[in-house]
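Please look through the structure below with the sequence at hand.

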Amino acid sequence: MPTKPDTESVAVLDADGGAGDGARQDVLMEVRDLQVHFGMRGGALARLTGRKKGAVKAVDGVDLTLRKGEVLGLVGESGSGKTTLGRTLLGLNRATGGSITYRGQDLAQLREGRLRPMRRMLQMVFQDPHASLNPAMTIRTAVGHPLRIHGLVKDDDEYDAKVTDALERVGLTPPERFLDKFPADLSGGQKQRAVLARAIIADPELLVADEPISMLDMSVRAKILQLMLDLKRDLDLTYVYVTHDLASAKFFCDTIAIMYLGRIVEIGPTDQVFSDPKHPYTKALLAAIPEPDPHRGVPRDLPRGEVPDAAQPPLGCSFHPRCPVALAGCGWEARDLRALLERRWLDLPPQEYAREKGLIGNLDVLSAPRLTTVALAPGKGHDSAELVEYLRQLREEASETEPREPFWRGVTTMREDGGQVVVEFAAPADPKLLPVVDSDVRVACHLYGESQA
Ligand SMILES: Nc1ncnc2c1ncn2[C@@H]1O[C@H](COP(=O)(O)OP(=O)(O)OP(=O)(O)O)[C@@H](O)[C@H]1O
């Protein structure tokens, strides 16, 4: 893959995370406290019992400043909200809250009718070029479609001239060979070139590209990214590049935003994020990039566990249940105790497992989200003294094992009370995205406290 070319407008963040005064006029889009929640329909039982429907917070308070000519990468595991954020920037998903300022208007508030003309300037490139092109349309019709929708040409000659120019720009040459072909006649790479031709034909300002190369052969991926960089340079484009692939983001992006469960946990110039990652999640993602040299070992895994359910995110920092260095105030709660017990029990022989599990009579109370105080009842044939002793033993064992289990930092109290054992956790705090001293990076992590700002 070619090395990342120098771009003229590398992003510079000021203390507020926005562009400095000099760069302010170069701001293309300003996103503030953006939220996109998807309602979940309750089942018949939920309706009967009057239980509230939940919501998935796909995007949960995102701030971004996108400058003209910038390539911003949205990176994170599946379900982190990258696609939803990208789509919302273009008005393809409606925002639940917050603002997206573009050309003096708030896209988050615009009605569909007023949004439509803006769409000419804001285009999306999807992952699957095959699904993006109507199999029954010729390339001429598909690529020129935006010209017709937005009424940008006066006659067929102008239409053909523009389609021909777009095909040339994306390397589908000579264009006459492609105009009357159907998508099925094209290779994957050629289809994605046609999709790019359609995306640029109406002279847009911003392209959101959602995993644009992930479904292509390895051999053409770098070529498509290079083509996108050439188009950006020639047509003054700005890109938002959605991917879970850090290697391509490193090559392609000026700025990287690392997303986790609907939030940006770290954002900054690509070289700084890669050379000196701050957030434990960023560090884990970078450590999980497979080594190109097979003699240097197997790919390392991401931290334990999976991305949690966005409908019931963890308290405090969403990453804390997987974080190897979490602190007391990172948001520990009852569910984390359950996860800890279950991880331990997985490794026990059946008899030991049954004995330990039998000590707790009401394990299910540990499933409720956001509980920072929980009362555990002893199991049949046991009492609270045995139960509290068991928990204290676990804590003791953990203090002697490396790497140190961070969960116990969050437990402030374990005491007997009225025949039960009350476990209390430290008050949770939501980490804010703050600038880190001596760097252009902002990070949402308690390891970099407010004093660092
Ligand atoms: N239309 C929808 N209705 C309900 N939930 C949705 C919808 N779209 C996305 N979600 C949920 O929002 C969360 C974020 O999804 P999103 O697709 O934006 O993440 P992503 O990081 O792009 O993941 P992927 O890489 O798998 O596409 C997920 O929990 C997802 O299930």
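Helix H13 covers residues 334-346, 13 residues in total. The expected span is taken as 1.5 Å times one less than the number of residues. Helices (H or I, at least four residues) and strands (E, at least two) are DSSP runs numbered from the N terminus. This is a predicted model, in which local features need pLDDT of at least 70 and side-chain atom pairs count only at pLDDT 80 or more, while totals for chains, interfaces and linings use all residues. Residues are numbered from 1 along each chain as its sequence is written.

Within H13, Ala-334, Arg-335, Asp-336 and Leu-337 are buried. Buried here is 20 or more other C-beta atoms within 10 Å of the residue's own, exposed is 12 or fewer, and partly exposed lies in between, with C-beta atoms placed from the backbone. Strand E11 (373-376) and strand E13 (420-425) are among the elements that cover the buried residues of H13.

Two packed helices are described by the angle and the distance between their axes. The axes of helix H6 (residues 139-149) and helix H8 (residues 188-200) come within 6 Å and cross at roughly 35 degrees. These axes are lines fitted to C-alpha atoms over the stretch in contact, and angles run from 0 to 180 degrees between N-to-C directions. From H6, Ile-139, Ala-142, Val-143, His-145 and Pro-146 meet Ala-194, Ala-197 and Arg-198 of H8. Contact requires C-beta atoms, placed from the backbone, within 7 Å. By class, six residues of this contact are nonpolar, one is polar and one is charged. Nonpolar covers Ala, Val, Leu, Ile, Met, Phe, Trp, Tyr, Cys and Pro; charged covers Asp, Glu, Lys and Arg; the others, Gly among them, are polar.

Around the ligand there are 13 residues, the closest being Phe-38, Ala-58, Ser-78, Thr-83 and Thr-84. Strand E2 (55-67) and helix H3 (82-89) each give two or more residues to this shell. The shell has four nonpolar, eight polar and one charged residues.

The protein chain has a mean pLDDT of 89, and 88% of its residues reach 70 or more. This score is the predictor's confidence in each residue, from 0 to 100. Over residues 1-23 the pLDDT is below 50. Where pLDDT is low, the predicted coordinates should not be read in detail.

Notes
A residue is near a molecule or strand if its C-beta atom, placed from the backbone, lies within 6 Å of it. Two residues are in contact if their C-beta atoms, placed from the backbone, lie within 7 Å.
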